[in-house]
Amino acid sequence: MARSPLTFIAVGSCLGLAIPLLFRSLYGLQDAESSISAATWAALDYLQLMLWPMPLLMVPTEEPGAADVYAWGPFTVAALANAAFYGVVAALLWAGFMRRKALLVVPVVLVWVVWYGVWGR
């Protein structure tokens, strides 16, 4: 395994970009496939919020004419924000693994803050 920080950041960013694309394709299946239960889709929603919370942070207020969060413009912004977030977490993990173990607390706190922002409301 390469120990370069750029490798960690690249892998983290690619993972952060792959997750939104995976969920986008899964929700495309939702329109085509009606035999999957509502409980399965609800579980998938919770999983999405844990792995990709950025769309929830971008949800507009309930106003008539508000932009669709899953339109390509907001989706692209949310996917890039997720890739950047995963890249930052990967960089902090690299710094914790290779430099100082105490730095491993920072990505845990960062992920906790984002999850609290999503789930704590």
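Thr7 counts as partly exposed, at 31% relative accessibility; that label covers the range between buried, under 20% relative accessible area, and exposed, over 50%, using a 1.4 Å probe and protein chains only. The place of Thr7 is in helix H1. Along the chain Thr7 and Ala90 are 83 residues apart, yet their C-alpha atoms are separated by 9.2 Å.

Keep in mind that this is a predicted model, where local features need pLDDT of at least 70, side-chain atom pairs count only at pLDDT 80 or more, and totals for chains, interfaces and linings use all residues. Residues are numbered from 1 along each chain as its sequence is written, and side-chain values use heavy atoms, with hydrogens and water left out.

**The overall picture**

The protein has 5 helices and 0 strands, so reading along the sequence gives you α-α-α-α-α, with helices (H or I, at least four residues) and strands (E, at least two) taken as DSSP runs and numbered from the N terminus. Of the 121 residues in the protein, 26% are buried. Take the contacts (heavy atoms within 4.5 Å) between residues at least 6 apart in sequence: 60% of them join residues at least 24 apart.

Asn82 is found in helix H4 and counts as buried, at 0% relative accessibility. Leaving aside residues up to four places away in sequence, Asn82 touches Gly16, Ile19, Pro20, Leu51, Trp52, Pro53 and Met54.

Over in helix H2 lies Leu44, which is buried at 15% relative accessibility. With residues up to four places away in sequence again not counted, Leu44 touches Phe23, Leu26 and Tyr27. Leu44 and Leu26 are 18 residues apart in sequence and 9.0 Å apart in space, C-alpha to C-alpha.

**The largest pocket**

Rolling a probe the size of a water molecule over the atoms shows where empty space is left. Here, a pocket is an open set of points on a 1 Å grid over the protein atoms alone, where a 1.4 Å probe fits and protein lies on both sides within 12 Å along at least five of seven lines; lining residues have an atom within 4 Å of a point. The largest pocket holds about 230 Å³ of space, a volume being the space filled by probe spheres set on the points, which are joined across faces, edges and corners.

Its lining has 15 residues, and Leu15, Phe85, Tyr86, Val89 and Val111 lie nearest the centre. At least two lining residues come from each of helix H1 (5–32), helix H2 (38–51), helix H4 (72–98) and helix H5 (105–119). H4 supplies the largest share, 5 residues. By type, the lining divides into 14 nonpolar, 1 polar and no charged residues, where Ala, Val, Leu, Ile, Met, Phe, Trp, Tyr, Cys and Pro count as nonpolar, Asp, Glu, Lys and Arg as charged, and the others, Gly among them, as polar.

**Aromatic pairs**

A search of the whole structure finds 2 aromatic pairs. Rings of Phe, Tyr and Trp (its six-membered ring) pair if their centres lie within 6.5 Å; planes under 30 degrees apart count as stacked, over 60 as edge-to-face and the rest as tilted.

| Pair | Centre to centre | Angle between planes | Type |
|---|---|---|---|
| Phe85 and Tyr86 | 6.2 Å | 70 degrees | edge-to-face |
| Trp112 and Tyr116 | 5.4 Å | 20 degrees | stacked |

In the edge-to-face pair, Phe85 is buried, with a relative accessible area of 15%, and Tyr86 is buried too, at 17%. In the stacked pair, Trp112 is exposed, with a relative accessible area of 53%, and Tyr116 is exposed at 52%. Trp112 and Tyr116 sit 4 residues apart in helix H5, so about one helical turn separates them.
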